[in-house]
Amino acid sequence: MEPIKMVEAPDGHSGAGFFATSLDQVIGLARSHSLWPLPFATSCCGIEFMATMGSHYDIARFGSERPSFSPRQADLLMVMGTIAKKMAPIVKQVYLQMAEPRWVMAVGACATSGGIFDTYSVLQGIDRIIPVDVYVPGCPPRPEQILEGLMQVQELTRNESLRRRNSDEYQHLLESYKIQ
């Protein structure tokens with residue numbers, strides 16, 4: 001039987017019967033292991049995501065076993081596949097309906113750069129309408145790549161300051177996307 005692997009404790013001070021650390025690190029640790037992804041899948045990348053949800057790859061190991069199909073309960077938007085320009089306002093609306101803090105993962109060549117569809121009707125990357133935190137390359141990406149992208153989002157959430165979302169830099173980023 002394989003030994004149980006525990007999550008590393010955040011940096012802190014310990015003594016006889018106590019452990020003290022910063023609130024940022026405790027909340028970051030909790031957030032990183034309780035992400036609720038909202039899959040926005042339109043094409044073949046969605047099929048690869050379904051494989052990632054299966055028992056062979058088991059996305060539940062990362063605390064993301066509960067995909068949320070309601071933006072109000074999700075904190076990770078996973079955009080997978082081709083996004084037509086007519087769908088761009090819907091993707092942005094879904095993003096805006098998510099509560100802060102929220103993260104975005106662009107999965108596959110189509111979501112990251114339009115892929116092979118360099119046409120008038122296909123959005124050439126979702127980063128033109130919403131800020132993206134992690135890009136997962138591939139056409140379509142393998143489930144291992146999606147898991148790697150999820151681990152990168154976990155790393156972002158674990159190390160993000162609680163005050164980053166209130167910073168002038170973050171507000172400027174949202175203003176550049178015309179998001180209030």
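Guide: The open sheet has four strands, in the order E3-E4-E5-E6, with parallel pairing. Strand E3 (37-41) and strand E6 (134-136) are at the edges with a single partner strand each, so one side of each has no neighbour in the sheet. From one strand to the next, the twist averages 20°. A word on the basis: this is a predicted model, in which local features need pLDDT of at least 70 and side-chain atom pairs count only at pLDDT 80 or more, while totals for chains, interfaces and linings use all residues. Residues are numbered from 1 along each chain as its sequence is written, and side-chain values use heavy atoms, with hydrogens and water left out.

As for terms, helices (H or I, at least four residues) and strands (E, at least two) are DSSP runs numbered from the N terminus, and two strands pair if DSSP finds at least two bridges between them. Axes are lines fitted to C-alpha atoms, for helices over the stretch in contact, with angles from 0 to 180 degrees between N-to-C directions.

Strand E5 (residues 103-107) pairs with E6 in the parallel sense over three bridges. Here Ala106 stands opposite Tyr135 in E6. Helix H2 (residues 44-53) lies across E3, strand E4 (76-80) and E5, and runs at about 130° to E4.

Now to the packing. A nonpolar core is a set of buried Ala, Val, Leu, Ile, Met, Phe, Trp, Tyr and Cys residues joined through side-chain atoms within 4.5 Å; buried means under 20% relative accessible area, exposed over 50%, and partly exposed in between (1.4 Å probe, protein chains only). The largest such core has 23 residues, and those with the most contacts inside it are Leu77, Val79, Tyr95, Ile126 and Ile130. At least two residues of this core come from each of E3, E4, helix H3 (88-97), E5 and helix H6 (168-176). H3 gives the largest share, four residues.

Leu77 shows how these parts meet. Leaving aside neighbours within four places in sequence, Leu77 is in contact (heavy atoms within 4.5 Å) with residues including Leu38, Phe40, Val91, Tyr95, Val104 and Ile130. A second, separate core of 18 residues includes Leu35, Ile59, Val134 and Leu150.

Follow the chain on from E4 and you come to Thr82, in the loop between E4 and H3. Thr82 is buried, with a relative accessible area of 19%. Not counting residues up to four places away in sequence, Thr82 touches Thr42, Ser43, Met87, Cys110, Phe117 and Val122.

The peptide bond from Glu100 to Pro101 is cis, with omega near -5°. Glu100 counts as partly exposed, at 38% relative accessibility. Beyond residues up to four places away in sequence, Glu100 touches Arg165, Tyr170 and Leu174. Glu100 and Arg72 are 28 residues apart in sequence, and 10.0 Å apart in space, C-alpha to C-alpha.

The peptide bond from Cys139 to Pro140 is cis, with omega near -20°.
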